[in-house]
Amino acid sequence: MKKMVLIIPTVGSSETVERTIESMNRCDLPANFDRLILVENGLNPRGDVLVEKLRPELNAVYLYHKEGNKSKALNAALQFVDDGLVVFFDDDIRLHRKTLIAYSEAMAGCQDGFFFAGPCGVDYEETPFKWLLPHLPASARGWGLGSAPVQFSAPIALGCNWAVYFDDLCRADLFNTEKGPGAGARGQETDMQIKLLSLGIKGQYIPEAMVWHYVPTCRCSPEWVLRRSLESGRSRYLERVHEGKLYTAKIACFFLATLAITSFLIFFRFDQSVGFKWRKLREIYRGRFRI
């Protein structure tokens, strides 16, 4: 069986990575486990100290990429990988003890032509407003496809808990450095999954590969959701620029319609959740069309 390499990107200001490290130290390791790469980006690096807290069996390696760009940091870490399955976790998750075993068992049945995704629960610092929950991204609500393994053909795996073979990453030209934290637009993992699917590589859901995402109060507030919506719009803008399609008249119509509906809802004080939906759309259009 091919080896397994873990990559965890982090930033010097992260206060949650130690929680991730603690859960990594409690994980059962499969026989094909090779090593863990902790790649830090941005200012105030301290990851070399964090690596010392990982148990020796994890064969942890520390890398530092000065520029605060997650995609560039991931690509830099991949330069130190030559084969096998690459499992990506974020620095704000905790793992189930059997998560790595689940990925290894999935490899035994799907050696080629697949990438993998596990479910994600949430650990809230403070429970968000009930009306806001439907507007939060899956990483802040929880995500999964049920209790049984299933294939999927859409770019729906969360970036905090997924895996792909190194050779397939290379075929897809690695991560898009114009997307992801530090790049001003979101969606580098979604972008990668779109490329993988276009290459005929299928998604495989692994229900036993469970993690829990820590969601601080500041990342489940109305203001944060609106900022994220703007970044999502910017991601689509970048795609449209490369496609050469801008549709100026259509842009204006969408934005003006959204503005009018938002104003109407605010004026008549409609349900808070309904009004917020249109505020989100307004931010998406602002980012999507650079308005």
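Tutor: The model is a predicted one. The buried positions in α3 are Lys-70, Ser-71, Ala-73, Leu-74, Asn-75, Ala-77 and Leu-78. These buried residues pack against four strands, β1 (4–11), β2 (33–41), β3 (60–65) and β4 (85–89), and against two helices, α6 (166–171) and α7 (188–198).

Take Leu-78 next. Beyond its neighbours within four places in sequence, Leu-78 is in contact with Ile-7, Val-86, Phe-88, Phe-166, Leu-169, Leu-174 and Phe-175. The largest nonpolar core has 64 residues, and Leu-78 is among those that touch the most other members, along with Ile-7, Phe-88, Phe-89, Phe-116 and Trp-162. In soluble globular proteins, nonpolar side chains tend to be buried together. Apart from this core lies another, of 10 residues, including Leu-136, Ala-140, Cys-220 and Trp-224.

Lys-70 brings a charge into the helix's buried set. The side chain of Lys-70 forms a salt bridge with Asp-90, with 3.1 Å between the closest N and O atoms. This pair links distant parts of the chain, since Asp-90 sits in the loop between β4 and β5 (93–95), 20 residues from Lys-70 in helix α3. Both partners are buried. Lys-70 also meets Glu-189 in a salt bridge, at 3.0 Å from N to O. Here the two residues are 119 places apart, Glu-189 being in helix α7 and Lys-70 in helix α3. Glu-189, like Lys-70, is buried.

The whole structure has 15 salt bridges. Whereas Lys-70 and Asp-90 are both buried, Arg-46 is partly exposed at 27% relative accessible area, and Glu-18 is partly exposed at 28%. Glu-18 and Arg-46 are also linked with Lys-53 in a network of salt bridges.

To return to α3: its buried residues pack against strands and helices, Leu-78 belongs to the largest nonpolar core, and Lys-70 has salt bridges to Asp-90 and Glu-189.

Technical notes. Residues are numbered from 1 along each chain as its sequence is written. This is a predicted model: local features need pLDDT of at least 70, side-chain atom pairs count only at pLDDT 80 or more; totals for chains, interfaces and linings use all residues. Side-chain values use heavy atoms; hydrogens and water are left out. A nonpolar core is a set of buried Ala, Val, Leu, Ile, Met, Phe, Trp, Tyr and Cys residues joined through side-chain atoms within 4.5 Å. Buried means under 20% relative accessible area, exposed over 50%, partly exposed in between (1.4 Å probe, protein chains only). Contact means heavy atoms within 4.5 Å. A salt bridge is a side-chain nitrogen of Lys or Arg within 4 Å of a carboxyl oxygen of Asp or Glu.
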